[in-house]
Amino acid sequence: MLFRSDIVMQEHSGATCDNWSWWNPVYKSDAASCAATCSANGANACEWDRNSGDCYVEFGDNCSVYGGVGGWDAGVRGGF
């Protein structure tokens with residue numbers, strides 16, 4: 001069964017939320033796999049470190065993505 005992520009990752013970006021919390025990172029080989037993991041766990045935001053493969057499943061309110069973060073990809077539930 002294929003899982004379609006509802007979090008779309010944006011290259012070279014970070015995420016921020018009000019009342020922000022996150023789980024310890026897990027390794028994922030690419031941004032799409034990270035987004036799928038975040039979606040499957042009900043995350044509000046997601047960040048993936050391109051260098052280490054660390055995937056952060058994040059929770060909070062009013063999450064958004066901001067650009068200009070080298071080496072990271074990020075996304076939020078429902079778009080940017």
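Predicted model: local features only at pLDDT ≥ 70, side-chain atom pairs only at ≥ 80, totals over all residues.
**View 1. Three disulfides are present in the structure.** Counting the bonded cysteines along the protein chain, the pairing pattern is 1-6, 2-5, 3-4. A disulfide is a covalent bond between the sulfur atoms of two cysteines.

**View 2. Cys17 and Cys63 form a disulfide.** The S to S distance is 2.0 Å. The link of Cys17 and Cys63 is right-handed, with 110° about the S-S bond. Distant parts of the chain are linked by this pair, whose members are 46 residues apart. Cys17 lies in strand 2 (residues 13–22), and Cys63 lies in strand 5 (residues 54–67). The relative accessible area of Cys17 is 9%, under the 20% cut-off, so Cys17 counts as buried.

**View 3. Cys34 is joined to Cys55 by a disulfide.** The sulfur atoms of Cys34 and Cys55 have an S to S distance of 2.1 Å. The angle about the S-S bond is 85°, and the link is right-handed. This pair links distant parts of the chain, with Cys34 in helix 1 (residues 31–40) and Cys55 in strand 5. Cys34 and Cys55 are 21 residues apart. Both Cys34 and Cys55 are buried.

**View 4. A disulfide connects Cys38 and Cys46.** For this pair the S to S distance is 2.2 Å. The link of Cys38 and Cys46 is right-handed, with 70° about the S-S bond. Cys38 is buried because its relative accessible area is 0%. Cys46 also counts as buried, at 0% relative accessibility.

Note on methods: Residues numbered from 1 in each chain as written. Heavy atoms only, no water. Disulfide = S-S within 2.5 Å. Helix = DSSP H or I, 4+ residues; strand = E, 2+ residues; numbered from the N terminus. Buried < 20%, exposed > 50% of the residue type's maximum accessible area, 1.4 Å probe, protein only.
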